[in-house]
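Thanks for coming. I will go through one model today, starting with a metal site and ending with some ring pairs.

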Amino acid sequence: MGPNKFSREVITLTEFIIARQKDFPFAKGDLTSLLNDIAVAAKIVTREVRKAGLVDILGEVGAENIQGESQKKLDVYANEQFISALRHGGVACGVASEENDDFIGFDEQFYTGTTYVVAMDPLDGSSNIDVNVSIGTIFSIYRTLEPNRSASLEDFLQAGTELVAAGYVIYGSSTMLVYTTGRGVNGFTLDPSIGEFCLSHPDIKMPETGSIYSINEGNYKAFSEGVQHYLNWCKGIGEDAPEKPLTGRYIGSLVADFHRNLIKGGIYMYPPTKSAPKGKLRLLYECAPLAFIVEQAGGMATDGHRRIMEYTPRELHQRVPYFVGSKHLVEKAMEFLKQEAEAS
Ligand code: AHG
Ligand code: MN
Ligand code: MN
């Protein structure tokens, strides 16, 4: 984009992605329209999220509201909104969602030449919905293995390195949409007065190191020794530990913890435990898309040993251990895990 491309200071998401489309010589505008569909659904979900605290006043979830419509749980609502936006957008030929056991193929539109599938976590951090704490949406966009047919399972089971685009929406003190197409990371804040996402965080770069560690430390006893030693290191315990301990911050919404650490510098971890040897988080629509973003911003994402982006999922809801964040902090965690592996 040239410096004087826009005469006013505000650059909307739509303007930005259309301008970026010109950088892809063979782009037909499909990805532009797909990202727009996601943005529209995000605005609709924002509207609903902002009303969530009023449920007690306006009617319980599950009960009928004044218009006789039944109130839906927010995660079900978000799932429906994103799926419907993608279905009607006519660009994607299928969606896989945390909320659905199987993927959904948009059979009716495969013949229109659709070439993308979307995997998503429509409402991340769902335990925080009822307590007014930030929640989010995460999405991965892949090209189908073949054009002009309905989505197949194989279209979704692609390595992170094949991602065409990935992003998240955070419904926090404001709503933000952050995405990458592999040419840096850009963040847009929803201006509710004009109903547009406006470029607020151009070319996000993650600090190489940071002072925040984010983990559900209630699981400490169930972590491996390597993870326990790393956590001690974070607290300033041990020989080469930092003199000033890191700060612990854990929201329990991956999107919110990730977003804060992306901006401020830090590490988020969901390590394996004895009862959950693959951790908790899902590769396809939680770990891989955020790995793409973090790498584009200069950070790292691994399972403790291996790069997340190189994982090829074997199933839609596959789990993977996750260490994501500032380069130095992730490398340090990997050192402890390597020592542990070598000792055993
Ligand atoms: P979801 O709400 O989509 O099921 O995801 C919850 C995830 C993630 O957002 C969060 O970081 C993590 O689960 C929290 O897990 P614990 O409660 O085990 O810490
Ligand atoms: Mn989630
Ligand atoms: Mn979810």
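**Metal site and ring pairs**

Asp121 bridges two manganese ions, ligand 3 and ligand 2, which lie 3.8 Å apart. This is a predicted model, where local features need pLDDT of at least 70, side-chain atom pairs count only at pLDDT 80 or more, and totals for chains, interfaces and linings use all residues. Residues are numbered from 1 along each chain as its sequence is written, chains are lettered from A and ligands numbered from 1 in the order in which they are written, and side-chain values use heavy atoms, with hydrogens and water left out.

The manganese ion (ligand 3) is coordinated by Glu98 (OE), Asp121 (OD) and Leu123 (O), at 2.0 to 2.3 Å. Donors here are N, O and S atoms within 2.8 Å of the metal (3.2 Å for Na, K and Ca); water is not among the atoms, so sites may look incomplete. Along the chain, the donors of ligand 3 follow the spacing E-x22-D-x1-L.

Asp121 is buried at 0% relative accessible area, and Leu123 is buried at 1%. Buried means under 20%, exposed over 50%, partly exposed in between, with a 1.4 Å probe and protein chains only.

Now the rings. Rings of Phe, Tyr and Trp (its six-membered ring) pair if their centres lie within 6.5 Å; planes under 30 degrees apart count as stacked, over 60 as edge-to-face and the rest as tilted. By this rule there are seven aromatic pairs. One of them is Tyr230 with Trp233, centres 5.6 Å apart and planes at 15°, so the pair is stacked. Both Tyr230 and Trp233 are buried. Tyr250 and Tyr268 are also stacked, at 6.2 Å centre to centre and 25° between the planes.
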